Amino acid sequence: MNPIYNFSAGPAVLPKEVLEQARDEMLDWHGSGMSVMEMSHRGKEFMAIAEETEHDLRELAGIPQNYKVLFLQGGASSQFAMVPLNLLHDKNKADYINTGQWSTKAIEEAGKYCTVNVAASSSDANFTYVPTQNQWHLDPEAAYIHYTSNETIGGVEFNWVPKIDANSGIPLVVDMSSDILSRPVDISQFGLIYAGAQKNLGPAGLTLVIIREDLLGKPLANTPTLFDYHIHAKNDSMYNTPPTYAMYITGLVLKWLKQKGGLTGIEAMNIAKANLLYDLLDSTEFYHCPVAKSDRSRMNVPFTLQNPALDDEFLKQAKSNGLIQLKGHRSVGGMRASIYNAMPFEGVAKLVTFMKEFAHHHA
Ligand code: PMP
């Protein structure tokens, strides 16, 4: 069978080695006689899996001791509410940076709980760039500052971490759903990091939260129990049943990442893959990427064909070449190639070769 390369934005490609190991362990995990799916989350077997997953994550990402790691459910979308519910404390304002559709959703949800100050926005250019920090208008009374490090739909990524004056005491909060663990990041610059797992970590169903401990324990009145980070932190993410199988697969992905040289190793691969594709896009009039060069995502590469009448033919021929899920988000059209950690270099190389040939035949 010719290999299929899956460019889906999420749920997305997983490392083949991980799927093979999961297959081998499917019916009997390490001689336990059980599938991981069948294990009690409080049994010694699953507790060992959970501990090792957290340990590997801490090591890979360099998570300091004063941060809790939470394995939650509800998707990154639940975090849009959990963040204000838990971090407003006694304040009623929050700063948000708007770089696209996911930031916009976070802003809308936060608006139910507080006054949102959109400190900067790239809506003036259809969200094709990241406003530099000297353009931000932060509110000194904000409870926190929220941004989206990678806009999965628009393909716009912060290639830098905002600098927040430590004396202000205002925590930086980031939605890292689609670029978490794609490069080394200094965790200590953040108050809270969250991410849905289904792009760079593992299967859908797991939502990861990394939170500085001093921010815990002051939720708004009437915050639902399951929306209170402190409840999850006190119970090691076992207050209720965590997404056990998704945690197990994520654990395997973390081991795979370590073998790839950790975050420095995977970053080098991600740069090489992204450069290959962007270089092609920039070398021809046939294709076009709308995103400002300095803010282009290494994870999601949106592009259009000069002649949109060829879109369907492009997708059809791509598919027959084993290149699937390249259709752009329904709201923007065109194409989008998601090239997360688990997308092999050969997949991008094959896409680029196909795109060159397609352009040659249709120019
Ligand atoms: N934020 C970003 C950046 C995303 O890409 C997504 C999902 N595509 C979400 C939030 C929402 O995640 P979920 O579907 O897990 O709720």
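These are my notebook entries on a predicted model, taken element by element.

**Entry 1. Ligand site**

I began with the ligand and listed the residues around it. They are Gly75, Ala76, Ser77, Phe80, Trp102, Thr148, Asn150, Thr152, Asp175, Ser177, Gln198 and Lys199. I then looked up individual distances to oxygen atoms of the ligand. A polar side-chain atom of threonine 152 is 2.4 Å from an oxygen atom of the ligand. For glutamine 198, a polar side-chain atom is 3.0 Å from a ligand oxygen. Alanine 76 takes part through its backbone, where a polar atom is 3.1 Å from an oxygen atom of the ligand. On its own the ligand has 400 Å² of accessible area, and the protein covers 85% of that.

**Entry 2. Helix H4**

I looked next at helix H4, residues 101-110, and asked which of its residues are buried. I noted Ser103, Ala106, Ile107 and Ala110. Viewed down the axis of H4, these buried residues fall within an arc of 100°, so they line one face of the helix. I also checked what the buried residues of H4 pack against. The list has helix H3 (75-87) and the strands S3 (93-98), S4 (115-121), S5 (145-148) and S6 (150-151).

**Entry 3. Histidine 146**

I stayed with strand S5, where histidine 146 is placed. Is histidine 146 buried or exposed? Its relative accessibility is 1%, and it counts as buried because the cut-off for buried is under 20%. The side chain of histidine 146 makes a polar contact of 2.7 Å with the side chain of tyrosine 194. With neighbours within four places in sequence left aside, histidine 146 is in contact with Asp95, Tyr96, Ile97, Ala106, Val173, Asp175 and Tyr194. Ala106 in this list is one of the buried residues of H4, and Asp175 is among the residues around the ligand.

**Entry 4. Strand S10 and its partners**

I then looked up strand S10, residues 207-212. Five of its six residues are buried, so S10 is largely enclosed by the rest of the structure. I found strand S2 (residues 67-72) joined to S10 by six bridges, running antiparallel. Here tyrosine 67 stands opposite arginine 212. S9 and S10 also run antiparallel, joined by five bridges. In that pairing leucine 192 stands opposite isoleucine 211.

**Entry 5. The loop between S8 and S9**

I went on to the loop between strand S8 (172-175) and strand S9 (192-196), which holds leucine 181. Phi of leucine 181 is near 60°, a positive value in a residue other than glycine. I noted this because most residues other than glycine have a negative phi. Leucine 181 is buried, with a relative accessible area of 7%.

Isoleucine 187 is in the loop between S8 and S9 as well. Its relative accessibility is 6%, and it counts as buried. Which residues does isoleucine 187 contact, leaving aside neighbours within four places in sequence? I listed Ala61, Gly62, Ile63, Pro64, Tyr67, Ile193 and Ile210. Isoleucine 187 and alanine 61 are 126 residues apart along the chain, while their C-alpha atoms are separated by 7.6 Å.

**Entry 6. Histidine 232**

I looked up histidine 232, which lies in helix H5 (residues 229-234). It is buried, with a relative accessible area of 5%. Not counting residues up to four places away in sequence, histidine 232 touches Leu70, Leu72, Met82, Leu226, Ser237 and Asn240.

**Entry 7. A three-stranded sheet**

I traced an open sheet of three strands in the order S11-S12-S14, with antiparallel pairing. Which strands are at its edges? They are S11 (287-288) and S14 (335-338), each of which pairs on one side only. Strand S12 (residues 300-305) pairs with S14 in the antiparallel sense over four bridges. One position I looked up is proline 302, whose bridge partner in S14 is arginine 336.

**Entry 8. Backbone geometry elsewhere**

Glycine 10 and proline 11 are joined by a cis peptide bond, with omega about -10°. Proline 11 lies in the loop between strand S1 (5-6) and helix H1 (16-25). Phenylalanine 127 is in the loop between S4 and S5. Its phi is near 55°, a positive value in a residue other than glycine.

Technical notes:
Residues numbered from 1 in each chain as written. Predicted model: local features only at pLDDT ≥ 70, side-chain atom pairs only at ≥ 80, totals over all residues. Heavy atoms only, no water. Pairing = 2+ DSSP bridges. Helix = DSSP H or I, 4+ residues; strand = E, 2+ residues; numbered from the N terminus. Buried < 20%, exposed > 50% of the residue type's maximum accessible area, 1.4 Å probe, protein only. Arc of directions from axis to C-beta. Contact = heavy atoms within 4.5 Å. Near = heavy atom within 4 Å. Polar contact = N/O pair within 3.5 Å; in protein donor to acceptor, adjacent residues only side chain to side chain. Areas by Shrake-Rupley, 256 points an atom, 1.4 Å probe, with all protein chains shown as cover.
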